[in-house]
Amino acid sequence: MSLNSSASSHPPYFLLTGIPGLEKEQFWIAFPFFIMYAIAVLGNITLLLVIKTDPSLHEPMYLFLAMLAFTDLVLSTSTLPKMLAIFWMGSGKIGFVSCLVQLFFIHTFSSVESGVLMAMALDRYVAICRPLSHSSILSVTVVVALGTMVLVRGVLLVTPTCFLLHRLSFCQHHIISHSYCDHMAVAKLSCGDTRVNAIYGLFVAILVVGSDTFLITVSYTLILREVMRSPTEARRKAFSTCVSHICVILASYIPAFFTAVTHRFGQSIPPHIHIMMANLYVLVPSTLNPVIYGVRTKKIRDRVLLLL
């Protein structure tokens, strides 16, 4: 297919509908979404400022937390402003290239978030099970290298999805029954063969989520075994440290798993439930992460109170 014929098969823009079946209600649904987004932006920026300005927080745990806060900012800002414009102003039009850019940022930083959570689990394992070697194993250089590898992994795995979408013909189908540009939501508009898109999307999901959840599970299994051998006070402290991370992992993975499965196998699930969960998938972790860590981590809580 020539470049000109490929370009002519792409609509000049897509039209995002918001939440199918809840078009009348989504004006009011936007208000809690806006409040959550405001909390996400304020909370994650506060975390970044606190960690950056306090040298005592330049440790692996807090550096990974800064990476998570930055990832949440990018992920939520890639979706929520446009989503609110759809809900409040009916402004669902988005250019073809802009749609691919939004899709790239959403999927790349979803992968990055999963990778950062995996790195945080490894950090907790080393801190609890190999405390004497923690500073030598997880130096600042290693932490930065891990963060870079997670980002590069996301970019390398997601970039092909944009090219796979660009090669498709859309026959002027341009209405996306979604609140943002998602890989399979866009691919389903094509009048061509999308099997490669579906297979590659599933491959990336299994590779990223599968490997990360495996390493997280192994890390926390070893942590639990080590903690159960510890004295009561040390056990309580270790559990307190890990509970925050486990809550963040559950808030991130449960909506993500639901969204991935329903895209491929959930034809019987009403569209508005599917899209609502997809919206919460990019918003809830970004909102909860700074709240959970800000409340449960004493060092950060004290610095935030001092800042205020």
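Biologist: What percentage of the 308 residues in the protein do the buried residues make up?

Modeller: This is a predicted model, in which local features need pLDDT of at least 70 and side-chain atom pairs count only at pLDDT 80 or more, while totals for chains, interfaces and linings use all residues. Residues are numbered from 1 along each chain as its sequence is written, and side-chain values use heavy atoms, with hydrogens and water left out. Buried means under 20% relative accessible area, exposed over 50%, and partly exposed in between (1.4 Å probe, protein chains only). By that criterion, the buried share of the 308 residues is 48%.

Biologist: How many helices and strands does the protein have?

Modeller: Helices (H or I, at least four residues) and strands (E, at least two) are DSSP runs, numbered from the N terminus. Read from that terminus, the order of elements is α-β-α-α-β-α-α-α-β-α-α-α-α-α. The totals are 11 helices and three strands.

Biologist: How far apart are the end C-alpha atoms of helix 2?

Modeller: The expected span of a helix is 1.5 Å times one less than its number of residues. Helix 2 (residues 26-53) has 28 residues and should therefore span 40 Å. The separation of its end C-alpha atoms agrees with this expectation, at 40 Å.

Biologist: Which helices are included in what covers the buried residues of helix 2?

Modeller: The buried residues of helix 2 include I29, A30, F33, Y37, A40, L47 and V50. An α-helix has 3.6 residues a turn, so residues three or four places apart point the same way. The cover over the buried residues of helix 2 includes helix 3 (60-89), helix 10 (271-296) and helix 11 (298-307).

Biologist: Are helix 2 and helix 3 roughly parallel or roughly antiparallel to each other?

Modeller: Axes are lines fitted to C-alpha atoms, for helices over the stretch in contact, and angles run from 0 to 180 degrees between N-to-C directions. The axes of helix 2 and helix 3 come within 9 Å and cross at roughly 155°. Angles under 35 degrees count as roughly parallel, over 145 as roughly antiparallel, 65 to 115 as roughly perpendicular and the rest as oblique. Helix 2 and helix 3 are therefore roughly antiparallel.

Biologist: How do the residues of the contact of helix 2 with helix 3 divide into nonpolar, polar and charged?

Modeller: Ala, Val, Leu, Ile, Met, Phe, Trp, Tyr, Cys and Pro count as nonpolar, Asp, Glu, Lys and Arg as charged, and the others, Gly among them, as polar. A crossing is left-handed if the near helix is turned anticlockwise from the far one by less than a right angle, and right-handed if clockwise. The crossing of helix 2 and helix 3 is left-handed. The residues of this contact divide into 25 nonpolar, four polar and one charged.

Biologist: How do the residues of the contact of helix 3 with helix 6 divide?

Modeller: The axes of helix 3 and helix 6 (residues 140-166) come within 10 Å and cross at roughly 25°, which makes the two helices roughly parallel. Their crossing is right-handed. P60, L63, F64 and M67 of helix 3 make the contact with V140, V143, V144, L146 and G147 of helix 6. These residues divide into eight nonpolar, one polar and no charged.

Biologist: Are helix 10 and helix 11 roughly parallel or roughly perpendicular to each other?

Modeller: The axes of helix 10 and helix 11 come within 5 Å, crossing at roughly 95°. Helix 10 and helix 11 are therefore roughly perpendicular.

Biologist: Leaving aside neighbours within four places in sequence, with which residues is M36 in contact?

Modeller: M36 lies in helix 2. Its C-alpha atom is separated by 9.9 Å from that of S76, 40 residues apart along the chain. Leaving aside neighbours within four places in sequence, the contacts of M36 are L283, V284 and T287.

Biologist: Is S111 buried or exposed?

Modeller: S111 belongs to helix 4 (residues 96-129). Leaving aside neighbours within four places in sequence, S111 is in contact with V150, R153, G154 and V208. With a relative accessible area of 8%, S111 is buried.

Biologist: What is the relative accessible area of V209?

Modeller: V209 is found in helix 8, and leaving aside neighbours within four places in sequence, V209 is in contact with V204 and Y253. V209 is partly exposed, with a relative accessible area of 33%.

How values were computed: Contact = heavy atoms within 4.5 Å.
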